[in-house]
Amino acid sequence: MPAVSKGDGMRGLAVFISDIRNCKSKEAEIKRINKELANIRSKFKGDKALDGYSKKKYVCKLLFIFLLGHDIDFGHMEAVNLLSSNKYTEKQIGYLFISVLVNSNSELIRLINNAIKNDLASRNPTFMCLALHCIANVGSREMGEAFAADIPRILVAGDSMDSVKQSAALCLLRLYKASPDLVPMGEWTARVVHLLNDQHMGVVTAAVSLITCLCKKNPDDFKTCISLAVSRLSRIVSSASTDLQDYTYYFVPAPWLSVKLLRLLQCYPPPEDAAVKGRLVECLETVLNKAQEPPKSKKVQHSNAKNAILFETISLIIHYDSEPNLLVRACNQLGQFLQHRETNLRYLALESMCMLASSEFSHEAVKTHIDTVINALKTERDVSVRQRAADLLYAMCDRSNAKQIVSEMLRYLETADYAIREEIVLKVAILAEKYAVDYSWYVDTILNLIRIAGDYVSEEVWYRVLQIVTNRDDVQGYAAKTVFEALQAPACHENMVKVGGYILGEFGNLIAGDPRSSPPVQFSLLHSKFHLCSVATRALLLSTYIKFINLFPETKATIQGVLRAGSQLRNADVELQQRAVEYLTLSSVASTDVLATVLEEMPPFPERESSILAKLKRKKGPGAGSALDDGRRDPSSNDINGGVEPTPSTVSTPSPSADLLGLRAAPPPAAPPAPASAGNLLVDVFSDGPPAQPSLGPTPEQAFLSELEPPAPESPMALLADPAPAADPGPEDIGPPIPEADELLNKFVCKNNGVLFENQLLQIGVKSEFRQNLGRMYLFYGNKTSVQFQNFSPTVVHPGDLQTQLAVQTKRVAAQVDGGAQVQQVLNIECLRDFLTPPLLSVRFRYGGAPQSLTLKLPVTINKFFQPTEMAAQDFFQRWKQLSLPLQEAQKIFKANHPMDAEVTKAKLLGFGSALLDNVDPNPENFVGAGIIQTKALQVGCLLRLEPNAQAQMYRLTLRTSKEPVSRHLCELLAQQF
């Protein structure tokens, strides 16, 4: 950069800044600024032309005033004029003013773009750098469109100076982050990779930042960077601090570049070339060896730079997860940091060990530090470090140490920070269920949770314990006894009352033989808590009381007296009043046999994945990683809820501060279905909804529909069963759809079967069927490689408000897909009301150790729920006139994109879902159709008319429906098919 000569100093600016600093009050400062603004405005508007120095000085003053917090509404044109100056200082001030004050919507952008274009073409490296800096600082889409094609050429040009290449790489990175679609991938991508061999370390550093960002979206285009990155990393790691003097930071050679190279390598699986892989392993071993050497300086900057490289090296070792020796060495190195006096190092060590705990090679090594981690949980002052210690305990837990870890976490829970109590509760609940050696220990643990932190025990936790107790005959008696004793405490949390009410209502008869827990004592104990509880809990207790009448007839008179009390029959809450009235009537008029049938014991719940896992994942937030997805397997682990014992390939050990079990199970619904009959009377224990209408015998058409509907609850309290894993509540944790997602979706608008997506790794096929407002879709995932996919997880996500418009119930698929194999996933779909955006399908898996992900648009569009409707010409035209409001009609005239074949057009219209009506349109060349879109909420009638003009190769499409958004959306969908 040119040196600033003595004559470039601006005395007027220095005097103005001095005056501002000497102001005694805010009013004096404003007065001085207003005076200066008036002077500058008069100079700019004066007849006398200002020279470059004066313009620069006044523009500088305006910039200073703006930085003080005052608005500037003039001077922009003078700053633009400075860009055409040949003096560096004037051009620099012009670019600085524009970078700070000019926004992307300014009318001057075109003039600025022209000046930038001239500087980029000047081949003056100083001017080119100034122009590139301005593009990066403004970063508007208009600038991106103007220069996105020029900057890559400057970057890879052979005659570009090193400083220009460096600026061009960082400028291109800025534009790519702002507008990825504007940066074209072309021949320059292969040439930019070779910048990793550049002699200038600054160019290499900038190039690595750019390549790391680009390769995340286009990994295949930059695959050649692996060997070059390893080569460059090897040269840095093996060099002495004197070899790279200009880039050595406190005796550490090129620490920033080393970290960037290690991060770049984490974008790819381990190198396939044995020589490259061997060289990389040698580099990683060298870094671990250097960490053991005594420090060359006592200054904190030296240790920070050294540790930054070390932790990034450990992250790469964990990412590859293929070198047992390196994984164990990394664990031992982190173990030394667990007792370091520096808090940040302890935090980072705990976080990295969480990821190591998920590897089968290093899990045992991590477990050796359990005492140190427990001590950190107890004694650390920083809450974030304690939280990481809890994460690590959770990650290292297995059957051998489960009791110790759960015990320590329960003890810590009594004094834990309020911000992390709910998360600790969820972790304890999961570990207690996953590694329970006997069911009594599990029940004791959950009741302890409720006692210690009842406010933080979510519905998912106590739903789950009830489900497990119901499914296990051998624990029911113990659970009833334990919960009865827990309810005797003077201060009893409401969640304990809920659990006690349910368990005693179902299994209280198992402890009724003991005089200390006789039926009247059980009832009195529960009823003593009644007046302290919320409406939902009181409703549950009323259901328990009617159960008691069936279990213990001797309590009938007492309970009827409670139900008959005015406080119940005339309760202000409609739910409580209705229950009291219905339960009183049921107990009075029903015979003993009928009562026993209606109030029979709950059958076992269907075995489903625990919703506590999904709750914990949501608690960790969208930024959580996927360490759990590549977790190690524990063959001895099995669910305690009475289901089939999983094989080693179906149970994973949860991981740390990240994904914490990637199960997409939704929580139990807040308001489950109301009872459909007296035989199902207690289904609505927590429901606020109206009773459902009894169902008549199914028609043949309904037979298909009943197959697609989720099964109704089989018995009272069935709401406690976890629903099948469903879509995530929001798309915040998935990437955007792939660029060709819309094109792939359009292929399925008029057909139901075919290949949705295919690349060199994966093929996704679709087969679907729709009737009325329901549908069933089969997705076929084929592994086209010879390598097994790990942690295969396809997920359906509802963007925006789609969850209220479309219900999609998914079934889980195997987490591993063998090479050349295919797995099938079934989706049951229900259209609740009309929708405009399709759901998203996010597919994530690991291939060769590297994470892979893609997001597609699921081929579910509103026309799939078309019911073809036949009608006569008179009826069609009558209905056509009724739908004559401007908002009810959508029309589009467009050019044909495909050959205009009448048979093909007819087939597409039939595939779209409407019925084709013959002899309706006076012109036999035209096509007329009718149909009804079936949704759960309402039906939308639809009429369409397609007029082809073969001579002009044009179509006119007109659609009329009873809902405006549907008309426009159907018109857009259908127009894209011709």
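Trainee: pLDDT is the predictor's confidence in each residue, on a scale from 0 to 100. How many contacts beyond four places in sequence does the model have for residues 1-7?
Mentor: This is a predicted model, and it has four such contacts for residues 1-7, where pLDDT stays under 50. Over residues 622-731 pLDDT also stays under 50, and there the model has 285 contacts beyond four places in sequence.

Trainee: How should one read such regions?
Mentor: Where pLDDT is low, the predicted coordinates should not be read in detail.

Trainee: What does the protein average, and which helix has the lowest mean pLDDT?
Mentor: The average pLDDT of the protein is 82, and 85% of the residues score at least 70. Among its elements, helix α35 (residues 700-708) has the lowest mean, 38, whereas helix α14 (residues 255-265) has the highest, 93.

Trainee: Turning to helix α20, which of its residues are buried?
Mentor: In α20 (residues 370-379), Ile370, Val373, Ile374, Ala376 and Leu377 are buried. Seen down the helix axis, these buried residues fall within an arc of 155 degrees, so they line one face of α20.

Trainee: And what is on the other side of α20?
Mentor: Asp371 and Lys378 are exposed there. The cover over the buried residues includes α18 (343-356), α19 (363-367), α21 (383-396) and α22 (402-413).

Trainee: Now arginine 960: is it buried or exposed?
Mentor: Arginine 960 is buried, because its relative accessible area of 13% is under the 20% cut-off. This residue belongs to strand β16 (residues 954-961).

Trainee: With which side chain does its side chain make a polar contact?
Mentor: The partner is the side chain of glutamate 889, at 2.6 Å. Beyond four places in sequence, arginine 960 is also in contact with other residues, including Trp880, Leu883, Cys942 and Ser967.

Trainee: How do strands β3 and β4 run?
Mentor: They run antiparallel, and five bridges join β3 (residues 753-758) to β4 (residues 762-771). Together they form a hairpin with three residues between them. Valine 755 has glycine 765 of β4 as its bridge partner.

Trainee: One last topic: what is the phi of asparagine 791?
Mentor: Asparagine 791 has a positive phi of about 50 degrees, although it is not a glycine. Most residues other than glycine have a negative phi. Asparagine 919 also has a positive phi, of about 60 degrees.

Trainee: Where do asparagine 791 and asparagine 919 lie?
Mentor: Asparagine 791 is in strand β6 (residues 789-797) and is buried, with a relative accessible area of 11%. Asparagine 919 lies in the loop between β13 (915-916) and β14 (927-934), and with a relative accessible area of 77% it is exposed.

Methods:
Residues numbered from 1 in each chain as written. Predicted model: local features only at pLDDT ≥ 70, side-chain atom pairs only at ≥ 80, totals over all residues. Heavy atoms only, no water. Helix = DSSP H or I, 4+ residues; strand = E, 2+ residues; numbered from the N terminus. Buried < 20%, exposed > 50% of the residue type's maximum accessible area, 1.4 Å probe, protein only. Polar contact = N/O pair within 3.5 Å; in protein donor to acceptor, adjacent residues only side chain to side chain. Contact = heavy atoms within 4.5 Å. Arc of directions from axis to C-beta. Pairing = 2+ DSSP bridges.
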